[in-house]
Amino acid sequence: MNIVVCVKQVVDTEAVIALDGAGEVELMGQTMVIDPYSEFAVERAVQLKEELGGTVTLLTLGSQDCLAAVRHGLAMGADAAVLIEDEQWTARDAAQAAALLAEAASTMGADLVMGGWKSGDTAAAQVMGRVAAIMRLPLANMATGLSVEGGTIVAECEVDDGVETARLPLPAVVAAQQGLAEPRYPSVRDVMQARRRGAEVRPVADFAAASKPTTVTVVSRELKPGRCGGRIVAGEAPVAVAETVRLLAEEAKVL
């Protein structure tokens, strides 16, 4: 089975985020890691390769700086990697990113295209769905379970208040949710070997989708305000309830 996994590099999800003067996320001094949802997809892809044979190829859109995420995936057990090199990748919206990934994946003969159902930075949750639509493939979204049965996959997908089990013909697209697989910790030997293995670099200018116009432009960003301390409303129940309702309406303005 030939599996292509779309991966993304993001700021460590445990990091404290700051904005620079232009309103962009300050990356200086930050630890960059493979996106957690991408990592779930990589782990399950490697498990499927170990169960069924085949290859796992990582596919990422980004600059040379994003190769750290690629090397992590290689250390986990992926066989190869492709980098769509684009110095402006952070300025591309979900539609542009999906178009580039889909164009590249379409040339790779994939039986299965995987990725995270959202990313840990923008949490837009659009790219893998768009990839499936562009490639005209069925999509298993927010997958928490995945198995292969002949020419089909059986996916358990998280839905409101439950889990939906779906059977999809191959080739297909699977967007991973937390719970799909528990990522392994690569050994030191695997990490060192991954450092010696590079990625195939394809300039973004070689893709027709590179000329696709931006449809969404981020106008500004701002950090969430710090949490305020709690407030205790004292008094007998009828008085306290009335005062609480007043505060919610007049101060919190949620009523």
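**A walk through the model**

Guide: Serine 63 has a relative accessible area of 8%, so it is buried (under 20% relative accessible area, against over 50% for exposed and in between for partly exposed; 1.4 Å probe, protein chains only). This is a predicted model, where local features need pLDDT of at least 70, side-chain atom pairs count only at pLDDT 80 or more, and totals for chains, interfaces and linings use all residues. Residues are numbered from 1 along each chain as its sequence is written, and side-chain values use heavy atoms, leaving out hydrogens and water.

Visitor: Which residues does serine 63 touch, not counting those up to four places away in sequence?
Guide: Serine 63 sits in the loop between strand S4 (55-62) and helix H2 (67-76); helices (H or I, at least four residues) and strands (E, at least two) are DSSP runs, numbered from the N terminus. Contact here means heavy atoms within 4.5 Å. With that sequence limit, the residues touched are Leu83, Asp86, Glu87 and Trp89.

Visitor: How far apart are the closest N and O atoms in the salt bridge of arginine 92 with aspartate 86?
Guide: Side chains of opposite charge can pair when their charged atoms come close. A salt bridge is a side-chain nitrogen of Lys or Arg within 4 Å of a carboxyl oxygen of Asp or Glu. Arginine 92 and aspartate 86 are both buried, and their closest N and O atoms are 2.3 Å apart.

Visitor: How many residues apart are glutamate 50 and arginine 184?
Guide: These two side chains meet in a salt bridge of 3.0 Å, N to O. Glutamate 50 belongs to helix H1 (residues 36-52), while arginine 184 is in the loop between strand S10 (172-176) and helix H5 (188-196), so the pair links distant parts of the chain, 134 residues apart.

Visitor: What separates glutamate 243 and arginine 246 in helix H6?
Guide: The two form a salt bridge, with the closest N and O atoms 2.7 Å apart. Because they are 3 residues apart in helix H6, the separation is about one helical turn.

Visitor: What relative accessibility does leucine 248 have?
Guide: Leucine 248 is also found in helix H6 (residues 237-250). Leucine 248 counts as partly exposed, because its relative accessibility is 33%.
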